[in-house]
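This report describes a ligand site, a pocket, aromatic contacts and some backbone features. The sequence and the structure are shown first.

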Amino acid sequence: MLTGIHFLLSYKCDSECDHCFVYSSPQAKGTFTLDQMKKVFDELVKIETIEWVYFEGGEPFLFYPLMLEGIRVAHEMGFKIGIATNAYWATSEEDAELWLKPFRDLGLSDLSISDDEFHYEDKETSPAKHALDAAKRLGMAFSSICIDKPTVEEGVDKEHVKGKPVIGGGVVLRGRAVEKLVEGLPRRPWQEFRECPYEDLRNPERVHLDAYGNIHICQGLSMGNMWDVPLSEIVRQYDADLHPICRPLVNGGPALLAKEYGVPHGADYVDACHLCYLVRRALIDRFPQYLAPRSVYGLQ
Ligand code: SF4
């Protein structure tokens with residue numbers, strides 16, 4: 001049951017982090033218009049099961065007026081609201097309060113702030129610290145997102161690896177992370193990746209929406225385009241077994257996806273997402289409606 005919608009307000013970001021799984025950067029373009037956002041809200045009502053609306057990116061504070069208006073509408077409609085940000089705007093604790101107070105007054109339920117070595121070297125004086133302190137002073141609900149560089153962890157109790165080395169740090173190997181962070185990490189034979197370990201592709205609880213109309217079940221894996229067919233209809237008709245990419249993924253993971261479409265591949269990969277992402281990228285011209293946008297795969 002779909003309970004959460006995440007607006008990827010834009011792929012534009014002030015930063016260009018190695019671990020970013022949607023290839024955000026200062027050069028990325030595009031955002032929702034207010035009219036498009038309102039159309040999405042109309043569709044959320046038709047879906048009937050949505051409880052949460054998140055605003056993220058890219059960096060959503062680059063589009064502050066649009067986000068503020070979106071949150072005002074979401075608040076009026078009774079949704080729980082969240083924001084994910086890197087807090088670049090928090091030049092001091094006092095200034096951060098100016099940015100945050102309107103959201104506090106609109107009942108923001110979750111403020112997630114990236115506070116890790118990818119974003120800030122000195123955590124004690126970072127904008128993230130200013131934002132976290134300001135949120136605390138304003139009495140807001142907040143959390144910090146801390147992703148570390150990938151590390152090898154031996155013998156960790158994870159069912160799908162059964163004591164073999166796994167990758168720690170919280171990085172997901174999709175998007176730019178595949179280009180920048182996989183070197184030197186231990187690998188396993190491609191045939192072992194027979195399931196998607198992270199997403200419930202049959203019954204997704206949340207999807208991400210971008211300004212191009214894509215409805216992401218996982219980054220770059222789309223249910224369809226909501227500017228072509230209304231969002232509520234796509235969600236209602238979604239069946240993983242009828243989706244050309246999700247069907248093999250739910251029945252045999254990234255290994256089956258590669259096998260079914262005869263995608264040339266290497267002998268081994270770091271994890272399921274590493275293989276999945278590269279196989280999907282190889283299939284992008286064959287399934288442009290479902291593997292989009294190209295920018296999430298680092299392509300023009
Ligand atoms: S990249 Fe593939 S295997 Fe990883 S979570 Fe997404 S759909 Fe699942």
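A residue is counted as near a molecule if one of its heavy atoms lies within 4 Å of it. The structure is a predicted model, in which local features need pLDDT of at least 70 and side-chain atom pairs count only at pLDDT 80 or more, while totals for chains, interfaces and linings use all residues. Residues are numbered from 1 along each chain as its sequence is written, and side-chain values use heavy atoms, with hydrogens and water left out.

**Ligand site**

Around the ligand lie Arg174, Cys196, Pro197, Tyr198, Glu199, Cys218, Cys273, Cys276 and Arg280. Six residues of this shell are nonpolar, none is polar and three are charged; Ala, Val, Leu, Ile, Met, Phe, Trp, Tyr, Cys and Pro count as nonpolar, Asp, Glu, Lys and Arg as charged, and the others, Gly among them, as polar. Helix H8 (residues 272-282) supplies the largest share of the shell, three residues. Helices (H or I, at least four residues) and strands (E, at least two) are DSSP runs, numbered from the N terminus.

**Largest pocket**

On a 1 Å grid over the protein atoms alone, a pocket is an open set of points with protein on both sides within 12 Å along at least five of seven lines, and lining residues have an atom within 4 Å of a point. The largest pocket is lined by 36 residues, with Phe21, Glu56, Gly57, Ser114 and Ile145 nearest its centre. By class, the lining has 13 nonpolar, 15 polar and eight charged residues. Strand E4 (110-114) is among the elements that give two or more residues to it, and E4 gives the most, with three residues.

**Aromatic pairs**

Rings of Phe, Tyr and Trp (its six-membered ring) pair if their centres lie within 6.5 Å; planes under 30 degrees apart count as stacked, over 60 as edge-to-face and the rest as tilted. The whole structure holds 16 aromatic pairs. The rings of phenylalanine 61 and phenylalanine 103 are edge-to-face, because their centres are 5.8 Å apart and their planes stand at 80°. Both phenylalanine 61 and phenylalanine 103 are buried, that is, under 20% relative accessible area, with exposed over 50% and partly exposed in between (1.4 Å probe, protein chains only).

**Backbone features**

| Residue | Phi | Relative accessibility |
|---|---|---|
| Glutamate 48 | near 75° | 70%, exposed |
| Alanine 87 | about 65° | 0%, buried |

The peptide bond from glycine 57 to glycine 58 is cis, with omega near 20°.

Note on methods
1 Å grid on protein atoms, 1.4 Å probe; cavity = no way out; pocket = protein on both sides within 12 Å on 5 of 7 lines; lining within 4 Å.
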